[in-house]
Amino acid sequence: MGTAPLGNLFTEVAEADSEACMAAAWDAGIRHYDTAPHYGAGLAEHRLGRALRGRRREEFTLSSKVGRILHADDGVPALNENFLHALPFRRSFDYSAAGTVRSLEDSQQRMGLTKIDIVYIHDCAEDSHGAAWTERFAEAMTGAAVQLSAMRKRGEISGWGMGLNMVEPALACLEAARPDLFLIAGRYTLLDHTALGKLFPACAAKGVKVVQGGPYNSGLLAGGSTFDYEPARSEMVAKTKAVRAVCERHGVDIRAAALQFCAAHPVVAAVIPGPRTAAEVMQNADLMAAEIPGQLWRDLRSAGLLPEAAPTPD
C-alpha cells in the first residue's frame, strides 16, 4: 500500500476516511506499507503511524524515504507541491549522511515507530533537480548511500534503495553502490515499459528487486485524467483507450490488467497502488485476484500495445 494519497495528493482526504482506508488495508491482508516525508509534508507518515502503532511490529514491513527535510513554515500555500492542505512545513533537499540521519529520526517521531525496514533515497533524479541531478546523485552516493549501507550492516534497517520516477539514477546506483531494491513509480505499467529495457535486466543480474509504484500512472489507467501527476497527453489518452477496448472485449477491468501486469515480472517484489478510501482498498484487492484470460495478453501484444519481452500472468 502506497500512502501518497493519504498525504492529500491533489485531493483532501478526511481523517475518518484515512483511518477507514488503513483499517481496510490491514483486513485485506496488506502488510507492506510505503510512505515518505514528502507526502503531505509529513501528513501521510502521521496517519500511517497512527494506524500501525497498535499492530505487532513483526507482522508488517514499513518503508519510508530520505532526501527531504521538513521545516516549519506557516506561509506554505494551500496546494503545496501537489498536496492539498498539507501540514505547515516546507521541504528542502538534503542527501548527506547527516541529513539522512535527521530525516529518519524525524520520520520515526512522526510515525511513533522506532523501526523502518526499508529506506529509499527519494527523487534524486532529473525530474526533481533538472540538469543538476548528477551533482545531487553524487551527494547521495557519498552521503545517504554510505550511511544507509552502514545501518544495514548494523541491522538497523533491512535494506535500502532509491525511490524514483525515472530509471537512469537506478541504473547509476547499481554501478555506484549495493542497493537491495528500488521503488520505481510509473515506469513499468500497461502504458509505459521503460524499465523493461535496461533496468529490469540489470536488477535481475545483481539480485535486486523492484517495488512497482504508480501502477495506474497516477490515475490514467484508473479512469482519471493524469499521467505522471500531470494532465495526460493526447497520445497517452489514445493508448489507454486502445488498451481498455481490448480489456472490454474480454470482460476484464483495465485496472485488474494494470495491477496484474506489473506483478508478473520476476524482479517485481510488490505492487503498491495508493488508495484513498476503504472501498478502493477492497477494490484493489479484488482486482489483483480477478481472473484474466491469457488471450487478453496475446491480443495486447498483437495490437502492439505490449512488448514481446514483457512477462504476463498467463
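Predicted model: local features only at pLDDT ≥ 70, side-chain atom pairs only at ≥ 80, totals over all residues.
Which residue in β2 does histidine 32 stand opposite? Histidine 32 stands opposite threonine 61, and three bridges join β1 to the parallel strand β2, residues 61–66.

Residues are numbered from 1 along each chain as its sequence is written, and side-chain values use heavy atoms, with hydrogens and water left out.

Strands here are DSSP runs of E with at least two residues, and helices are runs of H or I with at least four, numbered from the N terminus; two strands pair if DSSP finds at least two bridges between them. By that rule there is an open sheet of seven strands with parallel pairing, in the order β1-β2-β7-β8-β9-β10-β13. Its edge strands, each pairing on one side only, are β1 (32–34) and β13 (268–272).

Let me turn to the aromatic pairs, meaning rings of Phe, Tyr and Trp (its six-membered ring) with centres within 6.5 Å, called stacked when the planes are under 30 degrees apart, edge-to-face when over 60, and tilted for the rest. The structure holds nine of these aromatic pairs. Tyrosine 33 and phenylalanine 60 make an edge-to-face pair, at 6.4 Å centre to centre with 80° between the planes. That pair links distant parts of the chain, since tyrosine 33 is in strand β1 and phenylalanine 60 is in the loop between α2 (43–52) and β2, 27 residues apart. Finally, ring pairs link Tyr188, Phe200, Phe261 and Trp297 into a cluster.
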